[in-house]
Each structure stands twice: as C-alpha cells, then as structure tokens.
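Reader: Hello! Could you pick one part of this model and take me through it closely, along with whatever lies around it?

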Amino acid sequence: RSCGLRAGSWDVVLRFLDEMYSEDLMPDSDTFASAMEACGAANEWEWILQLYDELQLQNLPPSPQSLTLAQHACGILGVERKL
C-alpha cells in the first residue's frame, strides 16, 4: 500500500489524494481503501463516507474492506444509505 495507516496520518493521506488529482493521476480502489483505513484508524467517519462517495463517482468497484468501513461509518454516524 502506498499510504500509511497510523491514526495521525489520515490528513497526510487526504493530501496525497489531492496531489494525485492535481497531477492528473487517478487513484485506484486500493488507494481509496488505504485512505479509508487511515481515516478509520483516526475515527474520521465522515471522511470515510466522502471517500466512498468519490470511489463511486470514479466508477471504481469498492473493495470488501472499503465496503465494511463505509458500513461501519454509517452505523457510527447513524446514517442510513444504500452502499
């Protein structure tokens, strides 16, 4: 994986994604999964759902771990949505 998963690294991972977009590089499903994991380690549940939405906007298939993290974030936030 290209991104660290320490709880304090979630903001670094999000900046990395922004840099990818600014360089016209498209993150893949694994990159999104890593970013979602970093956000989960930091209890950044809203970011997990934003990343999941972006994953879907890019028409990328969610990994099982991405789906699980999004479901967990929905439960924590009390959000009902189809994933």
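Author: Happy to! Let's start with serine 66, which touches Ala33, Met36, Tyr52 and Leu55, leaving aside residues up to four places away in sequence; contact here means heavy atoms within 4.5 Å. Before going on, note that this is a predicted model, where local features need pLDDT of at least 70 and side-chain atom pairs count only at pLDDT 80 or more, while totals for chains, interfaces and linings use all residues. Residues are numbered from 1 along each chain as its sequence is written, and side-chain values use heavy atoms, with hydrogens and water left out.

Serine 66 belongs to helix α4, a helix being a DSSP run of H or I with at least four residues, numbered from the N terminus. Its relative accessible area is 0%, so serine 66 counts as buried (under 20% is buried, over 50% exposed, and in between partly exposed, with a 1.4 Å probe and protein chains only). Its side chain also makes a polar contact of 3.0 Å with that of serine 63. Such a contact is a pair of N or O atoms within 3.5 Å; within protein, one must be able to donate a hydrogen and the other to accept it, and sequence neighbours count only if both atoms are side-chain atoms.

At the start of α2, a side-chain oxygen of aspartate 28 comes within 3.2 Å of the backbone nitrogen of aspartate 30. After α2 comes asparagine 43, with a positive phi near 60°.

Positive phi turns up elsewhere as well. Most residues other than glycine have a negative phi. Aspartate 24, in the loop between α1 and α2, has a positive phi of about 60° and is exposed at 70% relative accessibility. Asparagine 59, in the loop between α3 and α4, has a positive phi near 60°, and its relative accessible area of 69% makes asparagine 59 exposed.

How values were computed:
Helices (H or I, at least four residues) and strands (E, at least two) are DSSP runs, numbered from the N terminus.
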